[in-house]
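Good morning, and thank you for coming. I shall go through several helices, the nonpolar cores and a few single residues; please keep the display in view.

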Amino acid sequence: MYSTQFLDVPPLERLTGRVVLPGSKSISNRALLLAALCSGEITTLNGILESDDTRVMRQAIDQLGGRVEVISADVVRVTGLPETVPSSDPNGAPIDLFLGNAGTAMRPLVAALALRGGSYTLRGTPRMHERPIGDLVDALTPLGCRVSYLGQVGFPPLRIDAPAVDLSQAIAVRGDVSSQFLTGLLMALPQIASQDIHIDVIGELISKPYIDITLALLGQFGVVVRRQAWSRFTISAGSRYQSPGNFLVEADASSATYFIAAASMNPVINGQNDVKNDSYRDFDGLEVVGVGAGAIQGDIAFVDAACAMGANIALQTGSMRVRPGSWPLKAIDLDCNHIPDAAMTLAVMALYADGPSTLRNIASWRVKETDRIAAMATELRKLGAQVDEGRDWLRVHPLPREQFKAATIRTYDDHRMAMCLSLAAFNGRVPVRIEDPACVGKTFPQYFETLFDVATVNASAIPVLCIDGPTASGKGTLASLVAERLGYHYLDSGALYRATALAAIRAGVALDDEAAVAALASALAIRFDGAGAQTQVLLGGIDITDDLRAEATGMAASQVSAHPKVRHALVGLQLSLQKLPGLVADGRDMGTVIFPNAPLKVFLTASAQARAERRHKQLISKGNPAKIEDLRSDLEARDARDTQRSSAPLKPSADARHLDNSNLSIEESVQIVLDWWQQTRPF
């Protein structure tokens with residue numbers, strides 16, 4: 001997951017390949033709580049989402065006396081809560097639960113704990129304290145529940161104390177603000193179903209498909225709820241949760257919408273926007289795995305909306321294949337009450353339509369992680385679009401590709417804003433900057449990595465920043481830190497020569513045998529995992545990161561890097577490392593030979609004295625004796641050799657910016673380079 005301050009998404013063209021979706025957040029958190037309510041029983045949840053929202057639910061279950069054991073990345077084993085929940089924490093205070101900005105944790109837990117007994121405080125992020133919960137509290141109060149507000153009335157944080165349950169009358173709950181209020185009651189009430197319990201919904205129930213998910217899951221955990229239209233729900237007397245033993249979490253249909261949308265857009269091929277173009281015939285589209293025909297999530301209905309806009313989608317059980325269809329996309333006028341989260345994706349698809357598109361009945365957007373109607377309108381306008389908004393509707397006018405503006409998108413700590421607006425990069429002309437990309441951790445931590453894996457782009461659109469300089473100038477440290485700050489890949493070209501030398505030594509090839517070493521270099525099975533300073537280097541699948549740092553490897557690398565044939569053999573490999581979202585390339589040739597069109601080239605320098613002092617500190621810290629005078633002489637001699645060598649001499653490119661860091665800290669140097677980089681960006 002990208003944890004950078006911002007992430008620049010270059011102009012993208014199309015998606016192709018295969019995407020495996022993470023588990024559904026809605027199903028994951030419901031399943032976690034239902035498994036916890038199976039007192040003392042053990043349930044294994046397969047395919048569960050690992051995200052911010054599910055993490056706070058797991059932590060809450062552990063605090064309440066249950067146990068969530070992580071078996072693997074997407075499998076957990078839940079031991080249900082004890083029959084009697086601890087009445088307080090070990091110090092006698094109410095059990096304090098922090099639930100972040102997870103509505104799928106806050107609302108159901110409020111209902112479940114209000115009926116269970118014990119004392120609790122439930123709190124979250126500042127935004128969670130702005131999301132209404134008063135209608136759920138109002139529904140619980142007539143039952144004898146004791147829920148009090150610790151801040152503003154109608155909003156978290158809350159204090160819950162042991163109830164005096166009264167089931168003498170039907171329960172009434174508003175359904176026109178959030179379906180999570182009704183979900184919370186449906187999941188909580190089977191704990192006390194000594195008689196039939198009726199829940200009456202006041203007003204029109206929104207997001208009905210999410211209630212369908214709740215009902216389906218309740219059935220799998222042994223509780224059958226009778227429904228009269230969408231106005232009354234009845235939980236039968238004697239209902240009791242029973243673990244299904246093993247439960248499979250369906251992949252997230254909301255997450256599928258971003259890839260459906262992007263794959264539905266007409267690819268830019270040979271500079272043309274024509275789906276009948278001959279070079280398009282072999283394009284097989286994008287396979288989306290994890291959700292498809294028979295899905296229980298309401299957001300699967302997004303497929304119908306996308307098809308109405310011109311997408312070509314073939315549904316199969318557990319997967320789908322998406323190809324572009326009509327281009328431009330077709331404008332729509334749609335009641336989106338049944339797909340409120342997925343409808344956000346339609347707002348960005350509307351930029352590529354043949355007329356204005358109107359999304360109606362989306363009032364619930366205003367009480368989500370942010371006011372999504374206002375936020376979406378604001379950010380789309382930054383791109384150059386005309387957007388109209390009302391209390392419960394949004395109208396987006398199409399934006400011709402040539403009119404797209406490079407924009408910095410504010411995400412409001414809202415995962416869906418980040419993922420939806422990343423689709424604006426498919427304009428094919430200008431990049432889009434996404435602020436706080438880590439906010440996608442709420443539901444899809446690896447979203448951007450997944451997007452970049454299947455996105456195709458003209459290599460010239462992938463930005464490259466080159467850094468070179470003499471030995472011990474600190475260019476490797478600087479380059480890796482800049483890459484880390486930007487979320488870019490890091491190419492340490494010196495590592496390629498060290499890996500080549502290491503491969504030659506291990507293969508018994510003489511380092512002065514230029515042809516043999518070049519043959520090894522051309523077939524070098526090297527891979528860089530991670531980003532920035534944390535990059536791990538693997539050769540033939542074996543970690544050689546530490547071996548590359550050995551003094552002997554460095555000396556051997558100096559010898560093989562002098563061979564012109566070796567340098568030529570590594571050109572293709574270095575070019576192949578120019579990957580989305582961008583690259584910081586460190587070393588000789590980077591700005592002059594490999595990436596001559598890089599928008600920023602930095603030549604890092606420092607006095608021989610400053611470099612000798614730095615090298616001295618490094619050696620002494622490792623217990624190696626050294627004299628500064630000797631180190632300085634060695635560096636000056638090496639500088640002379642490097643600048644005078646016939647093959648790839650050390651010299652800055654003509655358009656390089658020079659940075660003397662003799663008297664600068666590494667952080668000051670990083671900031672200068674980032675400021676220079678920002679000057680090359682269109683934002």
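Helix α3, residues 103-114, has 12 residues, and its first and last C-alpha atoms lie 16 Å apart, close to the 16 Å expected at 1.5 Å a residue. The expected span is 1.5 Å times one less than the number of residues. Helices here are DSSP runs of H or I with at least four residues, strands are runs of E with at least two, and both are numbered from the N terminus. Of the 12 residues of α3, 12 are buried, so the helix is largely enclosed by the rest of the structure. Buried means under 20% relative accessible area, exposed means over 50%, and partly exposed is in between, with a 1.4 Å probe and protein chains only. Among the buried residues of α3 are R107, P108 and L109.

A word on the source. This is a predicted model, in which local features need pLDDT of at least 70 and side-chain atom pairs count only at pLDDT 80 or more, while totals for chains, interfaces and linings use all residues. Residues are numbered from 1 along each chain as its sequence is written, and side-chain values use heavy atoms, with hydrogens and water left out.

I turn to the cores. A nonpolar core is a set of buried Ala, Val, Leu, Ile, Met, Phe, Trp, Tyr and Cys residues joined through side-chain atoms within 4.5 Å. Which residues have the most contacts inside the largest nonpolar core? They are F259, L346, M376 and L380, in a core of 89 residues. Helix α7, residues 253-264, gives the most to this core, with eight residues. Apart from it lies another core, of 77 residues, which includes L109, C145, I192 and V223. Beyond its neighbours within four places in sequence, F259 is in contact (heavy atoms within 4.5 Å) with residues including L15, L286, F444 and V454.

M376 and L380 also take part in a helix pair: R372, A375, M376, E379 and L380 in α10 meet H415, R416, M417, C420 and L421 in α11. By class, this contact has six nonpolar, one polar and three charged residues. For these classes, Ala, Val, Leu, Ile, Met, Phe, Trp, Tyr, Cys and Pro count as nonpolar, Asp, Glu, Lys and Arg as charged, and the others, Gly among them, as polar. Helix α10 spans residues 372-382 and α11 residues 415-422; they pack at an angle of about 30°, with axes 11 Å apart. Axes are lines fitted to C-alpha atoms, for helices over the stretch in contact, and angles run from 0 to 180 degrees between N-to-C directions.

Also in α10 is I373. Is I373 buried or exposed? I373 is buried, with a relative accessible area of 0%. Setting aside residues up to four places away in sequence, I373 touches W365, E389 and W393, among others.

Next, helix α13, residues 475-486: at 1.5 Å a residue its 12 residues should span 16 Å, and its end C-alpha atoms are 16 Å apart, which agrees. K475, L478, A479, S480, V482, A483 and L486 are buried in α13. Their cover includes β1 (6-9), β26 (464-468) and α23 (666-680). Just after α13, G487 takes a positive phi of about 75°.

Finally, R567 belongs to helix α18, residues 564-569. R567 is buried, with a relative accessible area of 7%.
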